[in-house]
There are 2 protein chains.
Amino acid sequence: MKLFSYWRSLATYRVRVALNLKGVTPDEVIDVNLHEGRQREDAYAKINPMKALPALMLDDGTVLSESLAILEYLDETHPNPPLLPTEPKARARVRALSQMIACDTHPLIVPRVREYLAGHYKVDETGVNEWGRHWHDVALKALETNLASSPETGRYCQGDQLTIADICLSGQGVGAAYFKCDTAPYPTVSRIIDECAKLDAFARAHPLKQPGAPAAS
Amino acid sequence: MKLFSYWRSLATYRVRVALNLKGVTPDEVIDVNLHEGRQREDAYAKINPMKALPALMLDDGTVLSESLAILEYLDETHPNPPLLPTEPKARARVRALSQMIACDTHPLIVPRVREYLAGHYKVDETGVNEWGRHWHDVALKALETNLASSPETGRYCQGDQLTIADICLSGQGVGAAYFKCDTAPYPTVSRIIDECAKLDAFARAHPLKQPGAPAAS
């Protein structure tokens with residue numbers, strides 16, 4: 001199994017956490033430098049025509065892409081510990097929380113979008129950072145409302161079971177830190193992010209712990 | 001079961017198609033007018049704090065949100081006809097194709113993003129439409145490459161079985177038409193969209209067939 005990764009990619013972070021939780025170690029981690037635009041070069045576009053990270057190449061050459069699809073695959077093929085509840089409504093809630101992050105928010109602030117804003121609409125650096133903060137804030141507010149008001153929220157997003165929603169929420173927390181969003185107004189979100197950070201599987205997957213990352217300040 | 005819907009919402013279109021395919025008819029379809037910003041009003045924000053469509057309220061009052069989470073819920077609770085293959089790698093491919101659309105593309109062109117571009121960055125109507133076309137083109141190119149090069153593509157995205165990927169692809173086709181994208185350079189995408197359009201479950205779910213839609217030109 002080969003993981004195509006970049007230290008800063010939050011979608012890849014999700015897969016790293018899931019691999020750690022499942023006790024699966026890729027044979028190789030291949031760096032695709034997003035800052036240098038390597039994801040748009042032919043070599044990688046042949047692996048993933050969407051030119052996005054992550055991609056997971058299985059031993060038979062099958063390439064999986066899209067972080068949530070990879071998480072579900074890992075959960076189906078390595079069922080312990082499970083990363084989804086068993087009851088359909090609970091599964092739907094976990095997936096919805098995950099998608100509020102991985103569909104409605106993160107795709108808005110990835111490099112290709114920031115670069116298009118800057119290049120095509122001449123939005124300056126301050127404006128691009130405002131964009132990132134704005135969409136983080138919108139999501140954090142909605143996530144806090146959902147998590148704080150639901151009796152299903154426990155130690156983690158869905159009771160006391162760690163799920164893909166926690167993996168996504170934890171990545172959202174890392175993203176919020178990049179964009180210097182204040183997470184203090186979101187106490188439930190912050191509490192769950194802090195719970196996750198205590199776990200070795202999350203700590204080892206952190207962007208700043210990956211090869212190529214700058215030294216933590 | 002109550003579906004919160006708007007004729008033009010492509011995420012709601014996905015759920016309408018799935019309900020049709022499963023033979024499930026909501027007891028009520030509640031209109032949330034996106035053009036008038038009703039999704040941001042308190043009444044709806046209490047239903048879905050993300051202030052986005054669709055939402056599906058079950059008979060016990062549970063509210064499901066996020067179209068892909070709803071599709072998986074419907075598939076788990078109404079297994080016939082199945083909308084995902086059974087083999088994990090095939091499921092991962094179907095989910096990845098779906099997410100290329102429902103995560104990487106559609107969230108970029110929804111009303112809240114177009115409104116923020118126009119309001120905050122003073123992008124004019126032409127610029128906002130370019131934005132919509134640009135992200136559609138990026139996705140259509142990647143989808144075509146994936147679908148045209150994979151031996152797993154058949155009559156539909158994954159062999160001859162209709163899946164959530166076809167539902168998402170069909171919605172992408174409707175979106176491409178809104179933004180006047182030329183889909184001729186994407187023959188495999190176009191062929192599958194045309195196959196889906198032949199099916200009653202898709203035709204009945206079309207935005208222009210919903211209450212409140214303008215007359216088709």
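In chain A, four strands make up an open sheet in the order 2-1-3-4, and the pairing within it is mixed; a pair here requires that DSSP finds at least two bridges between the two strands, while the strands themselves (E, at least two residues) and the helices (H or I, at least four residues) are DSSP runs numbered from the N terminus. The edge strands of chain A are strand 2 (28-31) and strand 4, each of which pairs on one side only. On average, neighbouring strands of this sheet are turned by 20° against each other, direction ignored, where the axes are lines fitted to C-alpha atoms, for helices over the stretch in contact, and angles run from 0 to 180 degrees between N-to-C directions.

Before I go further, some conventions. What you see is a predicted model, in which local features need pLDDT of at least 70 and side-chain atom pairs count only at pLDDT 80 or more, whereas totals for chains, interfaces and linings use all residues. Residues are numbered from 1 along each chain as its sequence is written, and chains are lettered from A and ligands numbered from 1 in the order in which they are written.

Staying with the sheet, strand 1 (residues 2-5) and strand 3 (residues 55-57) of chain A run antiparallel and are joined by three bridges, with L3(A) standing opposite L56(A) of strand 3. Chain B also has an open sheet of four strands in the order 2-1-3-4 with mixed pairing. Strand 2 (28-31) and strand 4 (63-65) of chain B have a single partner strand each, so one side of each is left without a neighbour in the sheet.

The contact between the chains takes 36 residues from chain A and 36 residues from chain B, a contact being counted when the C-beta atoms of two residues, placed from the backbone, lie within 7 Å. On the chain A side, the elements that give two or more residues are strand 4 (63-65), helix 3 (67-77), helix 4 (88-102), helix 5 (111-121) and helix 6 (125-149), and helix 4 gives the most, with nine residues. By type, that side of chain A divides into 21 nonpolar, eight polar and seven charged residues, if we count Ala, Val, Leu, Ile, Met, Phe, Trp, Tyr, Cys and Pro as nonpolar, Asp, Glu, Lys and Arg as charged, and the others, Gly among them, as polar. Because 100% of the interface residues of chain A are also interface residues in chain B, the copies meet through the same surface.

Helix 4 of chain A also holds S98(A), which is buried, with 29 other C-beta atoms within 10 Å; buried means 20 or more such atoms within 10 Å, exposed means 12 or fewer, and partly exposed is in between, with C-beta atoms placed from the backbone. Not counting residues up to four places away in sequence, S98(A) touches L68(A), I164(A), A165(A) and C168(A). The C-alpha atoms of S98(A) and L68(A) are separated by 8.2 Å, although these residues are 30 residues apart along the chain.

Finally, helix 8 (residues 187-197) of chain A, where V189(A), I192(A), I193(A) and C196(A) are buried. They cover an arc of only 100° around the axis, which puts them on the same side of helix 8, the arc being that of the directions from the helix axis to the C-beta atoms. In general, an α-helix has 3.6 residues a turn, so residues three or four places apart point the same way. The cover over the buried residues of helix 8 of chain A includes helix 6, helix 7 (164-178) and helix 9 (200-205), while the face turned away from the buried side carries the exposed residues P187(A) and D194(A).
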